[in-house]
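Colleague: I'm new to this one. Can you walk me through it?
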Amino acid sequence: MRYLPIDNNLFVQNRQRLTALLKPKSLAVVNANDIMPTNADGTMVFRQNNDLFYLTGVDQEETRLVLFPEHPDPKFREVLFLRETSELIEIWEGHKLTKAEAEAVTGIPQKQIYWTSQFEQIFGQMIFEAESVYLNTNEHTRADVAVQTRDARYIDTFRQQYPLHHLERLAPLMHHLRAIKHPQEIALLQTAIDITDTMFRRLLGFIKPGVWEYEIEAEMMHEFIRNRSRGAAYTPIIASGANACVLHYIDNSAQCQAGDVILLDIGAEYANYNADMTRSVPVSGRFTDRQRAVYNAVLRVLNEAKQMLRPGNLWDEYHREVGSVMESELIGLGLLDRTAVANQNPDAPLYKKYFMHGTSHFLGLDVHDVGNKYRRMEPGMVFTVEPGIYIREENLGIRLENNVVITESGNTDLMANIPIEANAIEELMNAGKN
């Protein structure tokens, strides 16, 4: 892997945290993701199942983890299954983890590590001591799973082989655990954010009238990869002019025009952890008065929203408060009428015409990380803060986004060092120019 080794205490502790939540006489099975096909004999780049990575640190296909904390035989309380390598695999695909290397990565002793081909044999020695079995599914509220996953296939297989065992859902436990980031995780997120910072400063010296959005994307990727990142945490949005009013614009194919603002929603991935940053910058290096007014309105909403991210707050209440702040800013910009806002349908607020998406989401191993919006905010939770104003009739879209971690007394902005004030953006874009 490109990233530096991670202290396996993180994964040891994560497994301990999970097993403490399991019902008595239960085991849990966690599968790696599939390698997904493209066309002919092509495949997509492998991306590990985040729950498996969270529990093991193994970044390799055909891996399985079985946890059974109450098994009578200690060697069956944590069992890892790895893809067995061969000379042919080494020649065509490269190195795969040895058992000794897997022990170093995971903290699971070698005597409890087997090859994936041995799964049925070893699992058969474990399963009949269990009363309940936790299996995994994708229960993200925004998931749209059109392809059957390895987890889904295994649920079908398990039901056929062991029809009398009681199945439990692993996902709610993983969502509960992963919502709270521990210091090592915050450090990995900070590394992804620091790489994003370096990249953004590079772009500020590159963007000018006439460059193409895809050229900016190329500069971004260069900086990511040279800093041990696998690349972008998500498909980058590099949207100049009217393109910035398309929330999920990913073509990145237009030429940047003088006088436009370009919206950059771009973040680095590092060790499977993700940064998620948005900045809006003037293509010509200076904001117009109108652009600056809208920009500063969005920045004020972001700063107000950050103050609301604190322990004890609830997701829906937070978003309603941010909506009220945005209403005031849109009235100040002449985009909404104060009387119309006072008489609006509270279930269809008028600000949604110009700010139609949410302000925050969980962040971590997933860009839209797992978590429960009905759970009150707690120290260790990491959220994005990303208000925006999109004025289609003016071909102007501005969004700003930082990443914050909830603390005992409020929150810490993990992106505090990344330029965001309009004057700072202009100064960096014009540094060295006559």
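Colleague: What volume does the largest cavity have?
Modeller: The largest cavity comes to about 30 Å³. A cavity is a set of points on a 1 Å grid over the protein atoms alone, where a 1.4 Å probe fits but cannot get out. Grid points are joined across faces, edges and corners, and the volume is the space filled by probe spheres set on the points. This is a predicted model, where local features need pLDDT of at least 70 and side-chain atom pairs count only at pLDDT 80 or more, while totals for chains, interfaces and linings use all residues. Residues are numbered from 1 along each chain as its sequence is written, and side-chain values use heavy atoms, with hydrogens and water left out.

Colleague: How many cavities of 30 Å³ or more are there?
Modeller: The structure has 1.

Colleague: Which residues line the largest cavity?
Modeller: Leu314, Trp315, Phe362, Asn372, Lys373, Arg375, Met377, Met381 and Phe383. Lining residues have an atom within 4 Å of a point. By class, that lining holds 6 nonpolar, 1 polar and 2 charged residues. Ala, Val, Leu, Ile, Met, Phe, Trp, Tyr, Cys and Pro count as nonpolar; Asp, Glu, Lys and Arg count as charged; the others, Gly among them, are polar.

Colleague: Let's take Arg375. Where is it?
Modeller: Arg375 sits in the loop between α12 (338-342) and β13 (382-385). Helices (H or I, at least four residues) and strands (E, at least two) are DSSP runs, numbered from the N terminus.

Colleague: Why does Arg375 count as buried?
Modeller: Because its relative accessibility is 17%. Buried means under 20% relative accessible area, exposed means over 50%, and partly exposed is in between (1.4 Å probe, protein chains only).

Colleague: What does the Arg375 side chain reach?
Modeller: It reaches the backbone oxygen of His176, at 2.9 Å.

Colleague: And which residues does Arg375 touch?
Modeller: Leaving out residues up to four places away in sequence, Arg375 touches His175, His176, Ala179, Ile180, Leu314 and Met381. Contact means heavy atoms within 4.5 Å.

Colleague: New topic. How many salt bridges?
Modeller: The count is 28. A salt bridge is a side-chain nitrogen of Lys or Arg within 4 Å of a carboxyl oxygen of Asp or Glu.

Colleague: Which residue forms one with Asp34?
Modeller: Arg153, with the closest N and O atoms 2.8 Å apart. Asp34 lies in the loop between β1 (26-31) and α2 (50-56) and Arg153 in helix α6 (residues 150-161), so the pair ties together parts 119 residues apart in sequence.

Colleague: Is Asp34 buried or exposed?
Modeller: Asp34 counts as buried, at 16% relative accessibility. Arg153 counts as partly exposed, at 32%.

Colleague: What about Arg178, which partner does it meet?
Modeller: The side chains of Arg178 and Asp369 meet in a salt bridge at 2.8 Å, N to O. Arg178 is in helix α7 (residues 171-178) and Asp369 in the loop between α12 and β13, so this pair links distant parts of the chain, 191 residues apart. Both residues are buried. Salt bridges that share partners join Asp51, Arg178, Lys181, Asp366 and Asp369 into one network.

Colleague: Now pockets. How much space lies in the largest?
Modeller: About 1,700 Å³. A pocket is an open set of grid points with protein on both sides within 12 Å along at least five of seven lines.

Notes:
A polar contact is a pair of N or O atoms within 3.5 Å; within protein, one must be able to donate a hydrogen and the other to accept it, and residues adjacent in sequence count only if both atoms are side-chain atoms.
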